[in-house]
Amino acid sequence: MLKKITIFLFSIIFILSIGTNTSFANDISNHQMKFELTYFAEKGVILPDAKGNFNPNSAVTRGEFASYIARALELPDSTKYTFSDLKQGTREAQEIQNAAGASILGGYADGTFKPNQKITRQQMAGMLYNALRYLDVPLHQAPLTFKDNNKIDNSFVKAVSTSVYYNIIRGAHTANGVYFNPGDSATKAHAAAYLYRTLEVAKNTDGNQNNNTGNVDSSKYYIGKVTNGVVSKNPTIYTTYEQALSALNASGNLNLIFKGDNIVKMSSGLAYASDTTAKTTSIYEDKTFKKQITYTQLGRELKYNGTSANGDYVIVQLGDVVGYAKPSAVTLIPTDLIDGRDEYYIEDSMLVHRIYNHSKKAYEGKYSVGPAPKFMQSGAKYYSFDGVHFYNRNNSLVGTYFPYFQFASVRLPSSYTASDLEKIIMAELENRQAFGGDQYKNATTKSKLIGLGKTIKSMEETEHINALFILAAAIHESNYGMSTNAQTKNNLFGIQVYDSNESLGEKYATPADSVKAFVQRYMNKRYVPQTAVYPFGAVPGNKTTGINVYYASDPHWGAKIAGHMYRIDAKYGLKDYGKSHIGMVPTGTGSVNTRLEASTNSGIAFTYRQKWTGESKEFGYPVAIVEETIGSDGYVWYKVYSDDPSIAKFVWIRGDLVKVLPKN
């Protein structure tokens with residue numbers, strides 16, 4: 001401890017004095033290592049020649065470097081060891097003997113020290129290693145990844161790896177990689193830099209491996225590990241991700257790579273959408289980030305599938321789709337550090353989804369999706385990235401469940417009339433006003449949903465978008481017609497409202513105009529038919545199929561809409577639930593034609609274009625099956641609601657091109 005205090009006080013004295021005289025000779029004032037050279041010139045550690053020059057680029061000898069260490073550490077006088085080639089009574093001889101007495105250096109087998117011999121880089125690492133030991137610094141080691149590892153003498157490997165760990169001697173970067181050059185000589189400037197870094201390590205370390213020396217460089221890479229919930233990061237700096245990865249693989253017991261303070265690779269864990277300018281994270285189908293698959297909002301959970309070999313991208317799963325994300329757009333959480341995560345469980349016979357916001361590190365609510373599937377047990381927790389495939393704590397698949405309203409076509413007409421819808425709206429508002437708190441005060445008179453039953457049903461009849469779906473979307477997006485955008489702009493569907501600025505949004509003359517815009521301009525022009533901008537399926541869906549792929553950044557938007565639909569329908573006799581059988585048209589390997597009649601000789605109505613079907617290959621285009629028949633060609637044919645009623649209300653698809661989902 002006293003040794004470290006001495007070094008610390010020495011550094012403080014330097015800080016107080018450095019501003020008073022920072023120029024010695026011209027060969028220091030403009031040198032790249034001016035700071036370190038001036039530091040030791042101020043303290044009389046490095047001495048000038050007769051002309052006042054320090055000659056920073058000249059090679060340093062073994063004797064000179066030994067003297068530098070003795071002066072810098074203020075080593076006590078020692079006569080424990082003497083060397084035959086030193087002239088006794090000289091300052092140099094005493095300083096070398098002092099360093100030898102402190103076990104920082106040794107001589108050759110013949111009793112000589114060879115003070116005038118140029119010191120090699122590995123010899124310098126050896127002396128610095130012993131200096132660290134003298135200063136009670138833990139002698140941690142970093143994996144060596146130099147291109148010339150094999151040239152480092154075995155007796156110096158530990159010393160070099162410790163210098164690398166503490167970033168004392170870092171290696172030479174070339175176009176062909178990083179080399180240590182163990183047999184090369186070092187300059188006085190190098191000696192000053194290496195010795196200064198050694199003193200900084202001694203000053204800053206507290207014996208804890210996790211301690212970093214100096215400020216973390218956010219552009220550089222580090223390696224470390226997480227054990228029992230504690231993250232440790234080695235201070236060794238790597239210029240490239242490839243160097244860090246090589247060191248990680250060579251370590252045997254480390255499992256993390258950092259860029260600055262951010263984890264960019266781990267052995268296992270979760271990822272989540274980071275705080276970007278847009279407040280969303282894009283997932284791409286290509287490694288150069290040119291073609292976006294989908295996107296998600298800040299804090300939302302992603303499955304971590306790995307980091308590229310060069311660190312350019314992170315592989316994540318959103319919904320059932322695996323894609324590529326920019327490392328800066330996701331945050332990685334090692335398994336040992338996961339405080340909470342999205343979870344599913346049964347509550348009152350309903351499947352409930354409890355959402356964890358990883359950015360806020362808190363649960364932020366729950367919602368019911370629909371009736372719980374039979375394979376789930378009360379009291380158990382389940383996990384899912386797509387709301388369809390459910391896993392237990394051991395990451396074993398327990399079952400697959402497609403919630404009906406989430407994957408039922410929005411082209412299906414609802415059984416509810418305009419009058420029914422108006423009664424439902426008022427009943428929902430009365431409930432909110434009575435039990436929802438201050439935000440729903442006077443909801444039965446103020447809500448922008450009031451009086452929209454007729455408009456919603458009219459849109460279903462003329463535009464063929466399910467009325468219950470329209471109402472559920474309005475309830476969800478406008479907070480029962482009480483949100484700021486609903487109240488001030490008559491915007492019930494979050495149209496043109498972005499995560500980066502929720503105050504934006506289109507303004508409408510009346511709430512009815514907002515309903516028409518949602519149905520006509522968005523559902524029928526941008527999301528539902530195959531001619532739309534984002535034709536991923538005519539269902540609420542998730543981030544793999546359906547409207548949710550692009551309509552909302554919330555990956556659970558489709559499930560939440562389905563939850564509203566089921567909750568409302570359950571109150572009024574389940575008039576719409578299970579009304580049709582759901583099929584899935586997979587198009588992962590090619591497009592699929594729909595026909596006007598149950599025959600391949602019939603005209604093509606429209607074609608389901610090829611799209612991502614997810615890791616499970618189960619997320620094609622959902623269809624609502626209303627009839628089954630045997631065609632003249634001998635195939636089973638399914639009659640389904642058309643995604644594009646302007647062509648036909650119903651179309652036919654050959655049975656071998658449709659996967660019929662089991663009823664819940």
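Helices α6 and α7 are roughly perpendicular to each other, a class that covers angles of 65 to 115 degrees, with under 35 counted as roughly parallel, over 145 as roughly antiparallel and the rest as oblique. Their packing angle is about 70°, and the axes lie 8 Å apart. Axes are lines fitted to C-alpha atoms, for helices over the stretch in contact, and angles run from 0 to 180 degrees between N-to-C directions. Helices (H or I, at least four residues) and strands (E, at least two) are DSSP runs, numbered from the N terminus.

This is a predicted model, in which local features need pLDDT of at least 70, side-chain atom pairs count only at pLDDT 80 or more, and totals for chains, interfaces and linings use all residues. Residues are numbered from 1 along each chain as its sequence is written, and side-chain values use heavy atoms, with hydrogens and water left out.

On the α6 side, the residues that meet α7 are Ala125, Gly126, Tyr129 and Leu132; on the α7 side they are Lys158, Ala159, Val160, Thr162 and Ser163. Contact here means heavy atoms within 4.5 Å. Helix α7 (residues 157-165) is largely enclosed by the rest of the structure, because 7 of its 9 residues are buried. Buried means under 20% relative accessible area, exposed over 50%, and partly exposed in between (1.4 Å probe, protein chains only). The buried residues are Ala159, Val160, Ser161, Thr162, Ser163, Val164 and Tyr165, and their cover includes α6 (121-134). Just after α7, Asn167 takes a positive phi of about 60°.

Positive phi values also turn up in loops. Most residues other than glycine have a negative phi. Glu74, which is not a glycine, has a positive phi of about 50° and is placed in the loop between α4 and α5. Lys617, likewise a residue other than glycine, has a positive phi near 65°. Lys617 is found in the loop between β21 (604-608) and β22, and its relative accessibility of 58% makes it count as exposed.

Strand β22 (residues 621-630) also holds Pro622. Pro622 is buried, with a relative accessible area of 1%. Leaving aside residues up to four places away in sequence, Pro622 touches Phe407, Gly537, Val539, Thr545, Gly583 and Met584. The C-alpha atom of Pro622 is separated by 9.6 Å from that of Leu661, 39 residues apart along the chain.

The next topic is a sheet. Strands of a sheet pair through backbone hydrogen bonds, either parallel or antiparallel. Strand β3 (residues 221-227) is joined to β4 by 4 bridges, and Thr227 has Val230 in β4 as its bridge partner.

Aromatic rings give another set of links. Rings of Phe, Tyr and Trp (its six-membered ring) pair if their centres lie within 6.5 Å; planes under 30 degrees apart count as stacked, over 60 as edge-to-face and the rest as tilted. By this rule there are 32 aromatic pairs. Phe83 and Phe113 form a tilted pair, because their ring centres are 5.4 Å apart and their planes are at 45°. This pair links distant parts of the chain, 30 residues apart: Phe83 is in the loop between α4 (62-72) and α5 (91-101), and Phe113 in the loop between α5 and α6. Both Phe83 and Phe113 are buried.

Phe493 and Phe518 are stacked, because their ring centres are 4.1 Å apart and their planes are at 5°. Phe493 is in the loop between α15 (484-489) and α16 (511-527), and Phe518, 25 residues apart from it, is in helix α16. Phe493 and Phe518 are both buried.

Arg62 lies over the face of Phe113, 4.3 Å from the ring centre. The charged end of Arg654 sits over the ring of Tyr635, at 4.2 Å from its centre.

How values were computed. Lys NZ or Arg CZ within 6 Å of the ring centre and 35° of its normal. Pairing = 2+ DSSP bridges.
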